[in-house]
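Welcome! Here is a short tour for anyone meeting this structure for the first time.

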Amino acid sequence: MKDQLNSLRASTVALTEQTFDLKTLSDSRIRILGRKGELTSVLRGLKDLPIEERSAVGKLANQIKADLESLFDTREAYLRDELERTQLALESIDITMPGRRLPLGRSHILNRVTQELVDVFSGLGFQLAEGPEVEIDYYNFEALNMPKNHPARDMQDTFYFSENVLLRTHTSPVQIRTMEKCKPPVKVICPGKVYRRDADVTHSPMFMQIEGLWVDKRVSFSDLKGVLTAFAREYFGDRLALRFRPSFFPFTEPSAEVDIQCVICGGSGCRTCSFTGWLEILGSGMVDPTLYKFVNYDPDIYSGFAFGLGIERVAMLKYGIPDIRLFYENDVRFLSQF
Ligand code: DAH
């Protein structure tokens, strides 16, 4: 029986040394040390031994049991270590490798230009105001002194949801909405999308405008000239020449269109300025007193001016972009230049 025990230990030493995975090791442990295992079956012979041998063999058996357990424990610890080492090796990162670059987005050129324009006017004391793109006839036309059948509506055909609800054709309705809500002084700048039935190299059915409005006591035409000159010089360059041309808008009286010296040829004449040396950038004028009736302002106390400019046009001039459609085609080769 001593021999049996010793050989069980010897064979277990060999077995554990040749076991390379934890599952097999644990199966072997059960087969040898479990309740119905090989050790138990050897020990069953103990009761048949002569009484004087029993205690010595019993002692040996306990010793061997402890040895076997420690053999399994040691091997198990070793295999676990090994497993962890291979896993770490597999998951190791080469921190000297160059990283993968993530493509970085940026804001659209039109949003950038809008922000730049808003910044310039903020510097002149204007506050941001916004209005809805789906507008009602009253704000888009009626309260801007363009009653039904007014010929000026012809130039601003748009997309109608119903007879009274439409996509706004300009940002001017925000003037009325602002004056309706606030008593003077009001000094606001209102960027946003507008819509018209129009499409060619310089017109798009959807485009962007910025509206400005300043109403207070004693706001005069020279304030209009001062603000717009300051804006144009700040945005296009401080030596830029500017001219105010008489014009007509139903919601301003008097009205003026503002031209800047051609930024492409400097005024000598080129295709962009149709060889005039001038580029039209905005419409403006003193708010027609008729509008004040719609918003309950007293025209004897208050006066003001308004202006509207096309953001695409400003962006095209500033960056020399020849075709308005480039803004909306979402070609990354174009957009990523700015
Ligand atoms: N709303 C006009 C348009 O889209 C532009 C405009 C002209 C706005 C004169 C104004 C203004 O505020 O005073 O054609």
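Let us begin at the ligand, where one of its oxygen atoms is 3.1 Å from a polar backbone atom of A306. Please keep in mind that this is a predicted model.

**Contacts of the ligand**

- With R196 the side chain takes part: one of its N or O atoms is 2.7 Å from an oxygen atom of the ligand.
- How much of the ligand's accessible area does the protein cover? On its own the ligand has 360 Å² of accessible area, and the protein covers 91% of this.

**The surroundings of the ligand**

- The ligand takes up the space of the largest pocket.

**Salt bridges**

- Side chains that carry opposite charges can pair when their charged atoms come close.
- Across the whole structure, a search finds 18 salt bridges.
- One of them links D27 with K23, and the closest N and O atoms of this pair are 3.1 Å apart.
- Where do D27 and K23 lie? Both are in helix α2 (residues 22-33), and they are 4 residues apart, which is about one turn of the helix.

**Backbone details worth a look**

- As background, most peptide bonds are trans, and most residues other than glycine have a negative phi.
- P184 and P185 are joined by a cis peptide bond, with omega at about 5°.
- P185 sits in the loop that runs between α7 (173-181) and β4 (186-195).
- Another cis peptide bond goes from E253 to P254, and its omega is near -5°.
- P254 has its place in strand β7 (residues 252-261).
- R218 is not a glycine, yet its phi is positive, at about 60°.
- You will find R218 in the loop between β5 and α8 (221-236).

Notes:
Residues are numbered from 1 along each chain as its sequence is written. This is a predicted model: local features need pLDDT of at least 70, side-chain atom pairs count only at pLDDT 80 or more; totals for chains, interfaces and linings use all residues. Side-chain values use heavy atoms; hydrogens and water are left out. A polar contact is a pair of N or O atoms within 3.5 Å; within protein, one must be able to donate a hydrogen and the other to accept it, and residues adjacent in sequence count only if both atoms are side-chain atoms. Accessible areas come from the Shrake-Rupley method with a 1.4 Å probe; for residues, only the protein chains shown count as cover. On a 1 Å grid over the protein atoms alone, a cavity is a set of points where a 1.4 Å probe fits but cannot get out, and a pocket is an open set with protein on both sides within 12 Å along at least five of seven lines; lining residues have an atom within 4 Å of a point. A molecule sits in a cavity or pocket if more than half of its atoms lie within 2 Å of its grid points. A salt bridge is a side-chain nitrogen of Lys or Arg within 4 Å of a carboxyl oxygen of Asp or Glu. Helices (H or I, at least four residues) and strands (E, at least two) are DSSP runs, numbered from the N terminus.
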